[in-house]
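Here is a short report for a reader meeting this structure for the first time. Keep the sequence and the model in view while reading.

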Amino acid sequence: MTPPDIFREVETFSVANGHPLTTLCDLHSACRPQKGRAYMCGMRGLSTPVIDFDEVKTAADRQAMLPARKSVDVLALPPSHTSLCFVELKSWELHLQHHGTPEEITGQARKYESALPLKLTDSLAICRQITGDPATFDGCRVIFALVTEINVHTDGLMAFKTNMDALAGASSNLHKLCNKLSQGALSRISGIETRYWECRDFDRKIATL
């Protein structure tokens, strides 16, 4: 199936279960207005329409009478219509506010590293369930994007100080650690193109696919 065909079928399923298209800003835990937070990228937020795949997963599990599966947060169709983009949202800044030590960040990243491949695998299976076609993704370019609100343009692959106390005291170094670990988690996903984006750049980045 083509990316637009898959997206339309999942969108139809989502709408039928009470969840119309939304935007990344309204789903990102760091700036959800319904949680009393403000958009970080301006009053209007991002404009790319996306599917709330968590809600799709819940409805698909209920329909198939299956235990709760894992899933990505978002399904998006790039303007080029040449690929399908599965998006996982990660709020590192919120995590840093409450668990801002290198040890805690590393522990969280390890959990994430093991969860991401399963989230993608289950999400692909959910799409096949909705389309009713085991060959749904044959010939379809699939991209997995990990999206966060911290600055991803720092050198996440740089060498880090071994002095953990000094590292814990520098927020910029903590951000670099988050970036390094996020990129490491993505490297565990094989056979699929991956991207690591800052949420504010989402509209611009997805337009390049």
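## What covers the first helix

The buried residues of helix H1 have cover from several elements, including strand E2 (49-52), helix H3 (53-64), strand E3 (74-76), strand E4 (84-90) and helix H5 (102-131). This is a predicted model.

Which residues of H1 are buried? They are Pro 3, Pro 4, Ile 6, Phe 7, Val 10, Phe 13 and Ser 14.

## The helix itself

H1 covers residues 3-16, which makes 14 residues. From its first C-alpha to its last, H1 reaches 20 Å. That is close to the 20 Å expected at 1.5 Å a residue. After H1 comes Gly 18. The phi of Gly 18 is positive, near 90°.

## The sheet

The model has an open sheet of 6 strands. Their order is E1-E2-E3-E4-E5-E6, and the pairing is mixed. Strands of a sheet pair through backbone hydrogen bonds, either parallel or antiparallel.

Which strands stand at the edges? They are strand E1 (22-23) and strand E6 (193-198). Each has a single partner strand, so one side of each is left without a neighbour in the sheet.

## Strand E5 and its partners

Strand E5 spans residues 142-148. E5 pairs with E4 in the parallel sense, over 7 bridges. Here Val 87 stands opposite Ala 145 of E5.

E5 also runs parallel to E6, and 6 bridges join these two strands. Two partners in E6 can be named. Leu 146 has Tyr 196 as its bridge partner. Thr 148 has Glu 198.

## Both faces of E5

How many of the residues of E5 are buried? The count is 7 of 7, so the strand is mostly covered, since buried means under 20% relative accessible area.

In a regular strand the side chains alternate between the two faces of the sheet. In E5, both faces are covered. Val 142, Phe 144, Leu 146 and Thr 148 are buried on one side. Ile 143, Ala 145 and Val 147 are buried on the other.

## Helices across the strands

H3 lies across E2 and E3. H3 runs at about 35° to E2. H5 lies across E4 and E5. The angle of H5 to E4 is about 145°.

Methods. Residues numbered from 1 in each chain as written. Predicted model: local features only at pLDDT ≥ 70, side-chain atom pairs only at ≥ 80, totals over all residues. Heavy atoms only, no water. Helix = DSSP H or I, 4+ residues; strand = E, 2+ residues; numbered from the N terminus. Expected span 1.5 Å × (residues − 1). Buried < 20%, exposed > 50% of the residue type's maximum accessible area, 1.4 Å probe, protein only. Contact = heavy atoms within 4.5 Å. Pairing = 2+ DSSP bridges. Axes fitted to C-alpha atoms, helices over the stretch in contact; angles between N-to-C directions.
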